[in-house]
Amino acid sequence: MVSQVLGEAGIGVALIVLTLFFLLFAEHFGTTQNLRDIMTQITLNTILAVGMTFVILVGGIDLSVGSVIALCAVVSGTVITSGLPPGAAVVLGVVLSLVIGGIVGFVNGFVTEFWKVPSFIITLGMLYVARGAAQEFTDGQTIYDLPPGLTRFGITTFAGLPAVFVVALLLVVIAWFVLSRTVFGRMVYAIGNNEEAVRLSGHRTSVVKVVCFVIGGASVGIAAIIYQARLGVASPILGNGYELNAIAAVVIGGASLTGGRGSVVGTLLGACLLGVLTNGLLLMGVSDFQRTMITGGVIILAVVLDAYRRNLSVRLSAT
């Protein structure tokens, strides 16, 4: 617990230093509008990363989230624009998006746990299945004419903050409570640290791991609705590459890819750090290619630090 708090503090310090740097050297970085833009930009990564945190804590990985966003978006978008009364259509679309995301998460988790297929493999296959299904469902076409009420939500503010970012913060709070204050949360960490010991103590570890994948899938369903609210469209090409952004936010936030260590607070800080870095570099005129390289370097540094911490922990335990 102490090392986790220290890790989150370290990320927080890095975020503050990075923010101060861009405040000094990036014009317009500190404007109210730009800060709101950053919050809006990190919303999707935060929501996806919260679900990914559950999966990674139990030692899994989900590479399909970017494509599942597209699948959830086109199916729910079709329902929302089907001609039903706008309120009922949006509610039905939201429910359908959550259900589809949850079902995909269940399939990923079930195959991983009960057919003993590595999550890397099954979710990589699901990445292609979901993307192809989204394109087949719409014949490759983009869905327009979403209800104004939904698109207004994508640009409205609540207490000075973008409403979509408030939704992400609420999910962070709920996930924090589940992971830190419930038996299920303690089980998630225990499985990530030593699954065999938990299994031998009589607990059904596979069920917990499948539920974590379902939570990850449901978070994708929420992200798909937020995506539509922001862009005003539902397209089969949405979400391309978002799986890597979510994983990066979790890893930079201090989670271990081998499971058992990490927190949603660290994940939120990781998503904020990525958002500030991308926005600040953009305002400084850094090209897309250079921003991609710098972001990749930060991710590599986070993974190297994670490996160093694990090796240090092993050495200290041996002494």
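**Entry 1: Ile226.** I began with the contacts of Ile226 (heavy atoms within 4.5 Å), and, leaving out residues up to four places away in sequence, found that Ile226 touches Thr43, Leu44, Ile47, Phe153, Val164 and Val167. This is a predicted model, where local features need pLDDT of at least 70 and side-chain atom pairs count only at pLDDT 80 or more, while totals for chains, interfaces and linings use all residues. Residues are numbered from 1 along each chain as its sequence is written, and side-chain values use heavy atoms, with hydrogens and water left out.

I looked up where Ile226 sits: in helix 9, residues 205–231 (helices are DSSP runs of H or I, at least four residues, numbered from the N terminus). Ile226 is buried at 4% relative accessible area (buried is under 20%, exposed over 50%, partly exposed in between, with a 1.4 Å probe and protein chains only).

**Entry 2: the cysteines.** How many disulfides does the structure hold? I found 0, taking a disulfide as a pair of cysteine sulfur atoms within 2.5 Å. Cys212 is in none, and its nearest cysteine sulfur, that of Cys72, is 18 Å away. Cys212 is buried at 0% relative accessible area, and Cys272 is buried at 16%.

**Entry 3: Val107.** Next I turned to helix 4, residues 86–114, which contains Val107. Is Val107 buried or partly exposed? I noted Val107 as partly exposed, with 31% relative accessibility.

Key
Helices (H or I, at least four residues) and strands (E, at least two) are DSSP runs, numbered from the N terminus.
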